[in-house]
Amino acid sequence: MAFNALITSATDLQQSLEENKITSVQILYEYFAQIDRHEPTLNALISPAPRDNVLAIARALDQERQEGKLRSSFHGIPIILKDSFVTASDLGMSTTAGSRAFIGSKASKNGTITQRLINAGLIILGKGNMTEFAGMKMTTMMPGWSAHGGQTLSPYVRKMEENEKLLGHSAPGGSSTGSAVAVAAGFSPLALGTETIGSIITPATRAGLYALKPTIGIQDTTGLYSMTDFFDSPGPMAKSASDVHVLSEILLDQSFNFSQLGLWEGFSVGFVDPRVWNMAPNFCTQFEGTAEQMVDEYEETVSSLQSHGCPLRYPVSLSDTSNLRGILPIAYWDFKNICIPRFIRAFDECPVSSVVDIVKYNKDNSETALPTPFTEQNDLEGAMNSTESKQKIDALKQELRITAKQILDKAFDKEGINLLAAPGDSPICVHAAAAGYPVAAVPIGQLRYNNRPFGLCLVAKANEEETLLHFMRSYEHIAKPRPTPNI
């Protein structure tokens, strides 16, 4: 049974598998064909899995299905992982966080989350390209670019405008770019990314996807590259809310059951003013009609939700990010002292042993590791030279978390809401990351200017993933179909 890889969800495929209309092996061949057609121009995959390997895995999972042994609701479904998730070397994929300094690293076992997915019967099709070290290399490095993987492009825009700004309309946005592009382009129905500040939400909204960054600290990140422990959390991206729901249950080992609830029961949403909460001009240049269209369709979404019975308030006020201090010192300290050492320990063999080694490797191999125009490594050097004490960083973390929670909780409590919504092109992810709160993305529409999608970002209090997932499922019932790329 052939299917349209651009629109078919993992839930659709699972139903076809259950009805014996298709096998996991046949599913893989459809995705292989799509990858062969479009990967050369989009550059979403930094390390595809060897096809013989994944076909053998699919055959074994098909056999298990025939024997009535199902590992999870997504038994036999493919997935792409961001290049930050460690995979055992015998799976045939590298793990580099986009850095050439990690080429040749070998791991005898999978990271915790990778293994959880394998145990659930998902098939890892490959690794998605990413912004190198999730951006902890050079301040002005383009999202979706790494020295090892090159530049990932949006399947909706398919080129980068000259002198594009970091989050301009042709940029694919955020460090989990390869994962988002792979799903939107039909290379896989599912992907995992990681987010520090906007690294899942921004590429997901720019790829017309549903996505979730769970509460910070609730997942075991052994065998995962993170920039920080304080801000980072891994999470799913998919073409449908139901896919994100099922994959979240697998990742978090929780059951989210809101099937007995009414469509809008259990939550109230506050929408901020999109004229206030938008992308700063130094990050994204607006062209004729782009800002106006995003505001118009945001307000149309608010009206549509309201007319369908969703309890909401609009507009609600929220303090800006000027009170949130200490982000960069925390990122530098965590990267140097916690995250890079832990990432290196996930390998049995690794060419580097510290941030100092990585900086030296890049200098010694500048032609390939620091190519034009991304010839600097100022953030890596900033982390390397970080001398703050643990006590000072712990105090900064505590102050930042308390301040961010107070800002968000004040809005939640004052407005009587439990979800806060903003344009995907806004800095609200900063608040969520500083507070440690979960964030979700849903699609709204496409720019007439160049076809790139845009969407909504939603924030809930800690451990309220179920509320976000419930809203996403309800939203999908009344929203326009998500935009698909014309490739």
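Because the model is predicted, local features are given only where pLDDT is at least 70 and side-chain atom pairs only at pLDDT 80 or more, while totals for chains, interfaces and linings use all residues. Residues are numbered from 1 along each chain as its sequence is written, and side-chain values use heavy atoms, with hydrogens and water left out.

## Overall form

The protein has 15 helices and 13 strands, where helices (H or I, at least four residues) and strands (E, at least two) are DSSP runs numbered from the N terminus. Its radius of gyration is 21 Å, close to the 23 Å that the globule rule gives for 487 residues, so the protein is as compact as a globular protein of that length. That radius is taken over C-alpha atoms, and the globule rule is 2.2 Å times the number of residues to the power 0.38. Along the principal axes, the C-alpha atoms fill a box of roughly 60 × 55 × 40 Å.

Of the 487 residues, 62% count as buried. Here buried means under 20% relative accessible area, exposed means over 50%, and partly exposed lies in between (1.4 Å probe, protein chains only). Helix α14 (428–435) illustrates burial well: eight of its eight residues are buried, so the helix is largely enclosed by the rest of the structure. Among these buried residues are Ile428, Cys429, Val430 and His431. Just after α14, glycine 436 takes a positive phi of about 80°.

## Salt bridges

A search of the whole structure finds 17 salt bridges, a salt bridge being a side-chain nitrogen of Lys or Arg within 4 Å of a carboxyl oxygen of Asp or Glu. Three of them are listed here.

| Aspartate 36 | Arginine 51 | 2.8 Å |

The salt bridge of aspartate 36 with arginine 51 links distant parts of the chain, with aspartate 36 in helix α2 (residues 24–42) and arginine 51 in helix α3 (residues 51–66), 15 residues apart. Aspartate 36 counts as partly exposed at 48% relative accessibility, and arginine 51 also counts as partly exposed, at 31%.

The C-alpha atoms of glutamine 63 and serine 24 are separated by 9.9 Å, although the two residues are 39 residues apart along the chain.

Two cis peptide bonds can be described. One joins tyrosine 314 and proline 315, with omega about -5°, and this proline is placed in strand β10 (residues 312–316). Another joins threonine 372 and proline 373, with omega about 5°, and proline 373 is in the loop between α11 (366–369) and α12 (378–384).

Alanine 134, with a phi of about 55°, is found in the loop between β3 (123–128) and β4 (145–146) and counts as buried at 12% relative accessibility. Asparagine 463, with phi near 65°, lies in the loop between β13 (453–459) and α15 (465–478), but this asparagine is exposed, with a relative accessible area of 51%.
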